[in-house]
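Notebook open, structure about to go up on the screen. I'll jot down what I look up as I go.

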Amino acid sequence: MNIPKRMAGAVIHALQGGVVPRIGLQYIAVGREKEIEALLHDIEVMADGGASFRFISGKYGSGKSFLLQTIRNYAMDRGFAVCDADLSPERRLQGTNGQGLATYKELMQNLSTKTKPDGGALTLILDRWINGIRTGIAAETGLELTDPEFHKQVERKIYQTVDLLSGLVHGFDFAALLRIYYQSFVNDDAETKAKVIKWFRGEYQNKTEAKNELGVSICIRDDDWYEYIKIFAMFLKQAGYQGLIVLVDELVNLYKIPQSISRERNYEKILTMYNDTMQGKAQYLGIVMCGTPQCMEDPRRGIYSYEALRSRLMDGKYCDGKNNLNAPIIRLEALNYAEMRILVEKLAEIHAVLYGYEQIVTAEDMDSFIKIEYGRIGADSNLTPREVIRDFIEVLDIMQQHPGSTAESLLGGSSGFTFAPTALEAQEPVEDEFAEFTV
């Protein structure tokens, strides 16, 4: 396998730690072709001015985050800007202590494009937008960059672009900030540019601070940050991108909110996003959220506990257990035996590249490993790719570090193991007896 050692290290170390690598996914991509195809169709719809909302449902370690990162890379390759965030107790979709705004800040911090895939692409996007207009005007008119008429034409084009946003909710203020950024760009005023970037990232504490520094009497708040996401999607199209894709992982943290009123407010925010995308109120915007089946379908605390969402998301009567990839929820099925066999072969090659040794695990060893993993009691319903990957990397590590070890001896001692769910999977949710009366 022709993979750079730096990338091989990122892949192995991330997988060993139970997380999805941000780079190198193409070297370990196995299966999920149908799911990826369904999501890529959504991307085509977004590029044509539409919008999309999808949930990805799967057990811990089933590959939700992997699929999310794969789609992230596909989208950037197709000219989209992508932002992603993991929900946590401090980051929600709606909150009374800034948790919603914290999610927005995380999304903006992780805003990425093909030329800047590791996040922090906001300044690059704005500068590229202005330079693109300047280049276009120069090509159309033949004017010199120092010609006053050139600056007038560029300014006129800039204002035409931002005026298209003024009709949206909060669009007027968004457009005003874009004008300020353009003027600071022309005047080479790095300090004002930094203040505008700070505003777009939601880092102003209150309206007074924004008024004093930028002259605008508004700032992004906990209850309206999603409106700015919709504006960003429209602006990105004007700036030469195909649109914006928002990826939200760890929905389980909404399920864990102990107060029912707080949970419902977060589910109401999801409903707003869902309705906007499905009804055409948003354009060039795609939203994908990931969660476990329990946090999705639990009738007491999950998303299905919010009747308006349950009625929109639940399977119809004709599905009969079949996975409908055109439905709002994509349910991940387990990788089959053959797909896992291909995956461990890829991992063996990458591990050998990373540590610089000749392949020491034979095809027969890999076959035996897969048979043992799938032969564990409870594997049919509980075995996940994360379990298999971590076990196999552990086998590779031991064999590489201890030359006397053989795959046969290591695997022989593992036969007969019983699959045990993780502590998170086994844990039953505890309902606060006062939850219904607290916020």
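This is a predicted model: local features need pLDDT of at least 70, side-chain atom pairs count only at pLDDT 80 or more; totals for chains, interfaces and linings use all residues.

I started with the aromatic rings: ring pairs tie Trp-129, Phe-174, Trp-199, Phe-200, Tyr-228, Phe-232 and Phe-235 into a cluster. Rings of Phe, Tyr and Trp (its six-membered ring) pair if their centres lie within 6.5 Å; planes under 30 degrees apart are stacked, over 60 edge-to-face, and the rest tilted.

Residues are numbered from 1 along each chain as its sequence is written, and side-chain values use heavy atoms, with hydrogens and water left out.

Back to the rings. I found 11 aromatic pairs in the structure. I looked at Tyr-104 with Trp-225, a tilted pair at 6.4 Å centre to centre, with 50° between the planes. This pair links distant parts of the chain, with Tyr-104 in helix 4 (residues 99-109) and Trp-225 in helix 10 (residues 225-238), 121 residues apart. Helices here are DSSP runs (H or I, at least four residues), strands are E runs of at least two, and both are numbered from the N terminus. Tyr-104 and Trp-225 are both buried, meaning under 20% relative accessible area; exposed is over 50%, and partly exposed is in between (1.4 Å probe, protein chains only).

Next I checked Trp-129 and Phe-235, an edge-to-face pair at 5.1 Å centre to centre and 80° between the planes. Trp-129 belongs to helix 5 (residues 122-141) and Phe-235 to helix 10, 106 residues apart. Trp-129 counts as buried because its relative accessibility is 2%. Phe-235 has a relative accessible area of 1%, so it is buried.

Then charges over rings, which need NZ of Lys or CZ of Arg within 6 Å of the ring centre and within 35 degrees of the ring normal. Arg-128 lies over the face of Tyr-241, 4.4 Å from the ring centre. Arg-301 has its charged end over the ring of Tyr-255, at 5.6 Å from the centre.

Which sides of strand 4 are covered? Both: Leu-285, Ile-287, Met-289 and Gly-291 are buried on one side, and Gly-286, Val-288 and Cys-290 on the other. I also looked up its partners (two strands pair if DSSP finds at least two bridges between them). Strand 1 (residues 51-57) runs parallel to strand 4 and is joined to it by seven bridges, with Phe-53 partnered by Ile-287. Strand 3 (residues 244-249) is also parallel to strand 4, with five bridges, and Val-246 stands opposite Ile-287.

Asn-110 was my next stop, in the loop between helix 4 and helix 5. Its relative accessible area is 14%, so Asn-110 is buried. Leaving out residues up to four places away in sequence, Asn-110 touches Val-82, Cys-83, Asp-84, Gly-119 and Gly-120; contact means heavy atoms within 4.5 Å.

Last, confidence. pLDDT is the predictor's confidence in each residue, from 0 to 100. The protein chain has a mean pLDDT of 86, and 92% of its residues reach 70 or more. Over residues 415-439 the pLDDT is below 50, and this stretch has 37 contacts in the model beyond near neighbours in sequence.
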